[in-house]
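Please open the structure in a viewer and follow the stops below in order. Each stop states what to select and what is found there.

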Amino acid sequence: MLYDEIKKANVEAMKAKDSVARGIYSVLLNKIMLENIKKREKGEDIVDADIFNILQKTIKELAEESENYVKVGNKQEADKIKAQIKIVEKYLPKLLSKEEIQNIIHSLPDKSIPFVMKHFKANYNGQCDMRQVQEVLKLL
């Protein structure tokens, strides 16, 4: 499971005294634990798709934070955050390209927006950007 890989990488970062990696792994592990608590309250277990969503949200948050540091002229902190983004991206699956999304949509029996979005959310969660799916669908 992805959670175990992140925990193992956190331990390795501690051993290597890598404060940048250690910082982001701690954030990820805390977010995953909070999501796990929410899931257990509902009687569900956390799955890799949930962790992919957490990773994607974290990357977006880090990108915004990096932009803010660039705006105020703190290049050192911006570079540190970019390094953290690269660490998080290692755990994300390869995202589907526009062509792959288009081919999947063409293979579906119903091409209505609600059906297509539900299909991608159920079957390709974490493997595609839902905004990109919506853009491709609008072009068809």
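**The whole chain**

Begin with the entire protein: of its contacts (heavy atoms within 4.5 Å) with a separation of 6 or more, 59% join residues 24 or more positions apart. The model is predicted, so local features need pLDDT of at least 70 and side-chain atom pairs count only at pLDDT 80 or more, while totals for chains, interfaces and linings use all residues. Residues are numbered from 1 along each chain as its sequence is written, and side-chain values use heavy atoms, leaving out hydrogens and water.

Helices (H or I, at least four residues) and strands (E, at least two) are DSSP runs, numbered from the N terminus. Buried residues, those under 20% relative accessible area with a 1.4 Å probe and protein chains only, make up 34% of the 140 residues.

**Helix 2**

Now select residues 19-41, which form helix 2. Its 23 residues reach 33 Å from the first C-alpha to the last, close to the 33 Å expected at 1.5 Å a residue, where the expected span is 1.5 Å times one less than the number of residues.

Which residues of helix 2 are buried? They are Ala21, Ile24, Tyr25, Leu28, Leu29, Ile32, Asn36 and Lys39. An α-helix has 3.6 residues a turn, so residues three or four places apart point the same way. Display helix 1 (2-15), helix 3 (48-71) and helix 4 (75-89) as well, for the buried residues of helix 2 pack against these.

**The two ends**

Select Asp18, which caps the N-terminal end of helix 2 with a side-chain oxygen 3.3 Å from the backbone nitrogen of Val20.

How values were computed
Buried < 20%, exposed > 50% of the residue type's maximum accessible area, 1.4 Å probe, protein only. Polar contact = N/O pair within 3.5 Å; in protein donor to acceptor, adjacent residues only side chain to side chain.
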